[in-house]
Amino acid sequence: MIIVLNGYPGVGKLTIGRELAKLLKARLVDIHTLYNLAFALTEFRTPEFRGAVRRVEEIADDLIAALPADVPVIFTTVLTGDTEWAMEEWKRFIERSNQRPPLVMVHVVCTLEENIKRIQSPERKGKGKLQGVEVARRNHASQEPLIGGNLTNTLRLDTTALAPEDAAQEIATHCLAVRAAMVGTD
C-alpha cells in the first residue's frame, strides 16, 4: 500500500504521517527526506535540483522494493497543478502503487488561520521548512487543486480541529477499509 499525504506546507502532513506510521506499522518518506540533499547543493527548480531529487527517489524506490509486500509506505508531498514536474511526480506515485497496491491519496487541508499558526511554529524552522505567512496566504488564495482528487481511494481530511493522533486514526481507518475492499475483490 502506498499512502500519499498531499497538502500545502504547514497543514500537518509530517506530524500526522509519524502517527500514521505507528498505527499501520508503515515506513514514512517525508518530502524533505527526498529533497534536502538537492536543496543543500543545488538551486531550487533548476535541472540540477530535479536531477538530484530523481536520483534520491531512485534510491528510495529500490529500498521500498526490498521491503516486505505487506509493509505500507507513507509519503508526504505537495502535488498541485499540471506542471511537468508535478505530472512526473504523480506518475512516480502511480508506478509505486502498481508495485505495491493500492494507492491511497489523502488531501490534508486546514483553515488559513490554522495554517498560519502551524507554518510559523518553531519546530518548522529547525527542520528547514517554509515558515512564511505569505506562503500560506498565497496557497489559500490560489485554491489550486491538489492532484489525485479523482481517485476512488482519495480522502479529503480537514485537520483544523483534529489532533495529529485523531487525524492519523481517521486515515488509518480509511486505509484499512481500502485494503479490506481490495482483498474482497481479489
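Strand S4 (103–109) and helix H7 (133–142) each contribute at least two residues to the lining of the second largest pocket. The model is predicted.

**Exercise 1.** Determine which element supplies the largest share of the lining of the second largest pocket, and describe that lining.

*Solution.* Step 1: the largest share, three residues, comes from S4. Step 2: the second largest pocket holds about 280 Å³ of space. Step 3: 13 residues line this pocket, and Tyr 8, Val 109, Gln 143, Leu 146 and Arg 156 are the closest to its centre. Step 4: by class, the lining comprises seven nonpolar, four polar and two charged residues.

**Exercise 2.** Classify the relative orientation of helix H5 (residues 112–119) and H7, and characterise their contact.

*Solution.* Step 1: the two helices pack at an angle of about 150°, and their axes are 9 Å apart. Step 2: angles over 145 degrees count as roughly antiparallel, so H5 is roughly antiparallel to H7. Step 3: the crossing of H5 with H7 is right-handed. Step 4: Leu 112, Asn 115, Ile 116 and Ile 119 of H5 touch Val 133, Val 135, Ala 136, Arg 137 and His 140 of H7. Step 5: this contact has six nonpolar, two polar and one charged residues.

**Exercise 3.** Classify the orientation of helix H3 (residues 47–65) and helix H4 (residues 84–99), and give the classes of the contact residues.

*Solution.* Step 1: H3 and H4 pack at about 5°, with axes 13 Å apart. Step 2: H3 and H4 are therefore roughly parallel. Step 3: the H3 residues in contact include Arg 50 and Asp 61, and those of H4 include Trp 85 and Arg 96. Step 4: the contact has two nonpolar, no polar and nine charged residues.

Notes: Residues numbered from 1 in each chain as written. Predicted model: local features only at pLDDT ≥ 70, side-chain atom pairs only at ≥ 80, totals over all residues. Heavy atoms only, no water. Axes fitted to C-alpha atoms, helices over the stretch in contact; angles between N-to-C directions. Helix = DSSP H or I, 4+ residues; strand = E, 2+ residues; numbered from the N terminus. Parallel < 35°, antiparallel > 145°, perpendicular 65-115°, else oblique. Contact = heavy atoms within 4.5 Å. Nonpolar A, V, L, I, M, F, W, Y, C, P; charged D, E, K, R; others polar. 1 Å grid on protein atoms, 1.4 Å probe; cavity = no way out; pocket = protein on both sides within 12 Å on 5 of 7 lines; lining within 4 Å. Points joined across faces, edges and corners; volume = space filled by probe spheres on them. Left-handed = near helix turned anticlockwise from the far one by under 90°.
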